[in-house]
Amino acid sequence: MALGGVATRPWRCPAAEQALRGRPAEPATFRAAADLALEGAVAGAHNGFKIELARHVVARALTELAARPG
């Protein structure tokens with residue numbers, strides 16, 4: 001998992017990837033992975049909203065992917 005547009009380069013999230021392995025595809029799992037993905041994120045003067053926005057985007061993207069057939 002990697003996030004783009006939230007740092008100066010793509011933000012790889014190995015801890016979030018590991019948190020998803022073997023876990024049920026459900027909202028609580030996705031929120032936990034999103035929290036891990038953003039752990040250590042530091043906001044600049046005018047972009048603090050991106051951290052919370054990214055949490056929601058990660059959880060939503062995982063939810064949509066899990067709902068895809070096959």
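This is a predicted model: local features need pLDDT of at least 70, side-chain atom pairs count only at pLDDT 80 or more; totals for chains, interfaces and linings use all residues.
Let me start with the packing around helix H3: its buried residues (buried meaning under 20% relative accessible area, exposed over 50%, and partly exposed in between, with a 1.4 Å probe and protein chains only) pack against strand E1, residues 2-3, helix H1, residues 14-20, and helix H2, residues 27-38. Residues are numbered from 1 along each chain as its sequence is written, and side-chain values use heavy atoms, with hydrogens and water left out. The helices (H or I, at least four residues) and strands (E, at least two) are DSSP runs, numbered from the N terminus.

Now to H3 itself. Helix H3 covers residues 49-67, and its 19 residues should span 27 Å at 1.5 Å a residue, which agrees with the 27 Å between its end C-alpha atoms; the expected span of a helix is taken as 1.5 Å times one less than its number of residues. The residues of H3 that are buried are Ile 51, Ala 54, Val 58, Ala 59 and Leu 62. Seen down the helix axis, these buried residues fall within an arc of 125 degrees, so they line one face of H3, the arc being that of the directions from the helix axis to the C-beta atoms. On the face of H3 turned away from that buried side we find the exposed residues Phe 49, His 56, Arg 60 and Ala 67.

Not counting residues up to four places away in sequence, Ile 51 touches Leu 38, Ala 41, Val 42 and Ala 43, where contact means heavy atoms within 4.5 Å. Glu 52 and Leu 38 are 14 residues apart in sequence and, C-alpha to C-alpha, 8.6 Å apart in space.

That brings us to H2. Buried in H2 are Thr 29, Phe 30, Ala 33, Ala 34, Ala 37 and Leu 38. These residues cover an arc of only 160 degrees around the axis, which puts them on the same side of H2. What covers them includes E1, strand E2, residues 11-12, as well as H1 and H3. After H2 comes Gly 40, whose phi is positive, near 90 degrees.

Which residues does Thr 29 contact, once its neighbours within four places in sequence are left aside? The answer is Ala 19, Leu 20, Arg 23 and Pro 24, and Thr 29, at 2% relative accessibility, counts as buried.

Ala 19 lies in helix H1 and, at 17% relative accessibility, counts as buried; it touches Thr 29 and Leu 36, not counting residues up to four places away in sequence. Glu 17 is found in helix H1 and, at 14% relative accessibility, counts as buried. Leaving aside its neighbours within four places in sequence, Glu 17 is in contact with Met 1 and Arg 12.

Finally, the largest pocket. About 180 Å³ of space lies in this pocket, and of the 13 residues that line it, the closest to its centre are Leu 3, Gly 4, Ala 54, Val 57 and Val 58. For the terms, the search uses a 1 Å grid over the protein atoms alone; a cavity is a set of points where a 1.4 Å probe fits but cannot get out, whereas a pocket is an open set with protein on both sides within 12 Å along at least five of seven lines, and lining residues have an atom within 4 Å of a point. Grid points are joined across faces, edges and corners, and the volume is the space filled by probe spheres set on the points. E1 and H3 each supply at least two residues of the lining, and H3 gives the most, with eight residues. By type, the lining divides into eleven nonpolar residues, one polar and one charged, where Ala, Val, Leu, Ile, Met, Phe, Trp, Tyr, Cys and Pro count as nonpolar, Asp, Glu, Lys and Arg as charged, and the others, Gly among them, as polar.
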